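Please read the following points with the model open beside you. They take a few places one at a time and then turn to the whole chain.

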Amino acid sequence: MAVLPMEEPMCLIGNKEGEDLTVNQEALQILLEITQPVVVVAIVGKYRTGKSYLMNKLAGGKNGFALGSTVQSKTKGIWMWCVPHPIKQGHTLVLLDTEGLGDVEKGDSKNDAWIFSLAILLSSTLVYNSMGTIDQQAMDNLHYVTELTELIKVKSDEAQATEEEDDESGEFKRFFPSFIWCVRDFTLKLEKNGSPITEDQYLLDALELKKGVGKKVQDYNLPRQCIRHYFHSHKCFVFDRPASTLALQRLEELQESELEPKFVEKAAEFCSCIYGKSNAKTLVGGYTVTGRLLGNLAVSYTEAIRSGSIPCMENAVIALAQIENSRAVQEALTKYEEEMSKQIAKFPTETQEEFLSIHQECEKEATQVFMGLSFKDENGQYQKQLIDELAEKKSKYSLYNEEESAKKCKAILQKLSENLEREILNGKFSKPGGYTQFISEKNLLVDEYNRTKGKGVKALEILQEFLNEKENVEAAILQADQSLTHKEKEIAEQRARTETAEREKQIVEENNRRLEKDMENQKKSLEDHKKMLEEKMEEERKKLMEQNEWMIKEKLKEADELLKKGFDAQSEIVKYQSRLLKELNTAAAAQPLNVNILGLGRGRGRGWLRGRGRGLLRGRGRGWRRGR
């Protein structure tokens, strides 16, 4: 469904003093009901720097996120506002306003680090808001970025145990959001060596690394290197002071005409950039995140922090896959039920083939629902569950189809036999020549029954039951008919037995034919599942390979920049990482999908990549051997 109307923001992750971080269930429920892709913009920065104002502008109004004019931080925890995306049809814009970093009233700096890491984990665009200029003080205030390897894990402990090194920072770029630095109350000229420069160039210049190996150089380079290395894009906006100090105390009451024109112009430019260039949040492999997925991610990461663990992206995605794949199975089964319920009016079907055709179409619809919702069903566990449960539902509807056929056939025979039953009760056939007359009327009844349409798949069996019920009456009439000789009666009895045996044979043949058709249908169903599975696996492989190609380009670009600046060793490390990615992509492209449809076990066609070539050093000397 589309985004629920949110008149104002609400707390998504609470951060009350003396308590653990908690997910607000009301806000979570709003996210869980959003099935659209979400563009998630989170803003972080020191308190009292005007973060909330920018978020309100993105939401399309002046009011919403709390603005403050005192020295106290107004936002606690992470607050959320979901609004329809202004220009991307079918998307929801989720705005996350975080509590101010460095609030002296909190006392616990660890809280700031967790809020910062959660903003990164949940967003597709991270906005860092600061005051004045991008100088060393501003970098020092952003020290949280240097702690991310201690606050965020890419791989689970089990996966890490198989890796050669424990530095995962080389993988951050794959997962992390784009990075925008907003500098407020900027008073300098955007010039370098007397020539004008862009805001983006101003940021890149501020992120320049120093050459050297001393501690001061390492401390200087570390936050800059983290920003350059962890985030896949970097953009900057510099804002003039919006109004006088006195006017700023009532900023939310001011009309745009009362604000500095250049500030208003820059705010509009910022919003336009966010609307146009901020992408929907995705998971590794290119899976698009919906509101429901985002809500579950928020729960997973927050629970990890509450338990004393480090949020792990791989574990979160695995947990997410379990939730979503279970839901995908249920949604698919619901779709099957919905489609079959539309066909029940056609029951009983005239033939088994007609029933199987209906089932096949409904199963196809259900499987498409599953394929559209499921992801990372690595060993086919959930698809196997779907196949088994669809088979059970098919059996249920097949039985219902047979029951409807039996009821229909019995009703037809009851109506057709009313006159015959009455004549039997009246003794019409208890006379010489009565047996021949009885057989004649019985055969007329059978012929009329056989000509009647819409009896369904139980027609032969119900007819046989009916005739079996009349055997004693027929035998009594035969023995009472004095016009027949003993020999003629023996011949009549033999003929009746032969006819009964012939009908039994037809029933067995019909049941065998239905069983054969059932097996053919099951085989066709498995082939369809295999085909759809292979298509999905191929699509997933292409997405992951495309993401790897993007990573390769990013790393080569980063390596070239490092080389130009004289950082040869670091450049070689990044190049090495890109070569590993190329090798793994080549191997993945050549690897057959190898789907075992009977067990739905997936072969080596998935799970390639993502893990090697990590460890772009953060200036601390880890993993440099690979670059030499």
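1. Threonine 349 sits in the loop between α13 (313-343) and α14 (352-373). The model is a predicted one. Is threonine 349 buried or exposed? Its relative accessible area is 0%, and buried means under 20%, so threonine 349 counts as buried.

2. What surrounds threonine 349? With neighbours within four places in sequence left aside, the residues in contact with threonine 349 are Glu354, Phe355, Ile358, Asn401, Gly456 and Val457. The side chain of threonine 349 also reaches the backbone oxygen of threonine 351, at 3.0 Å.

3. Serine 123 is another loop residue to look at; its loop runs between α3 (109-122) and β6. Serine 123 has a relative accessible area of 1% and is therefore buried. Its side chain reaches the backbone oxygen of alanine 119 at 2.7 Å. Beyond its neighbours within four places in sequence, serine 123 is in contact with Val40, Ala42, Pro177 and Lys281.

4. Lysine 489 belongs to helix α20, which covers residues 486-564. Is this lysine 489 buried or exposed? Lysine 489 has 13% relative accessibility, so it counts as buried. Setting aside neighbours within four places in sequence, lysine 489 is in contact with Leu478, Gln479, Asp481 and Leu484. Alanine 475 is 14 residues from lysine 489 along the chain, and the C-alpha atoms of the two are separated by 9.5 Å.

5. Next comes helix α2, residues 51-59. How many of its 9 residues are buried? The count is 8, and the helix is mostly covered. The buried residues in α2 are Lys51, Ser52, Tyr53, Leu54, Met55, Asn56, Lys57 and Leu58. After α2 comes glycine 60, with a positive phi near 95°.

6. What do the buried residues of α2 pack against? They pack against the strands β3 (38-45), β4 (78-84), β5 (92-98), β6 (125-131) and β7 (178-184), and against the helix α11 (261-277).

7. Two packed helices are described by the angle between their axes and the distance between the axes. Here the axes of α2 and α11 come within 10 Å and cross at roughly 60°. That angle makes α2 oblique to α11. The crossing of the two helices, α2 and α11, is right-handed.

8. Which residues form the contact between α2 and α11? From α2 there are Tyr53, Leu54, Lys57, Leu58 and Ala59, and these meet Phe263, Phe270, Cys271, Ile274 and Tyr275 of α11. By class, this contact of α2 with α11 has 9 nonpolar residues, no polar residues and 1 charged residue. An α-helix has 3.6 residues a turn, so residues three or four places apart point the same way.

9. Last, the whole protein. It has 21 helices and 14 strands. Buried residues make up 51% of its 628 residues. Among contacts between residues at least 6 apart in sequence, 76% join residues at least 24 apart.

Notes
Residues numbered from 1 in each chain as written. Predicted model: local features only at pLDDT ≥ 70, side-chain atom pairs only at ≥ 80, totals over all residues. Heavy atoms only, no water. Buried < 20%, exposed > 50% of the residue type's maximum accessible area, 1.4 Å probe, protein only. Helix = DSSP H or I, 4+ residues; strand = E, 2+ residues; numbered from the N terminus. Contact = heavy atoms within 4.5 Å. Polar contact = N/O pair within 3.5 Å; in protein donor to acceptor, adjacent residues only side chain to side chain. Axes fitted to C-alpha atoms, helices over the stretch in contact; angles between N-to-C directions. Parallel < 35°, antiparallel > 145°, perpendicular 65-115°, else oblique. Left-handed = near helix turned anticlockwise from the far one by under 90°. Nonpolar A, V, L, I, M, F, W, Y, C, P; charged D, E, K, R; others polar.
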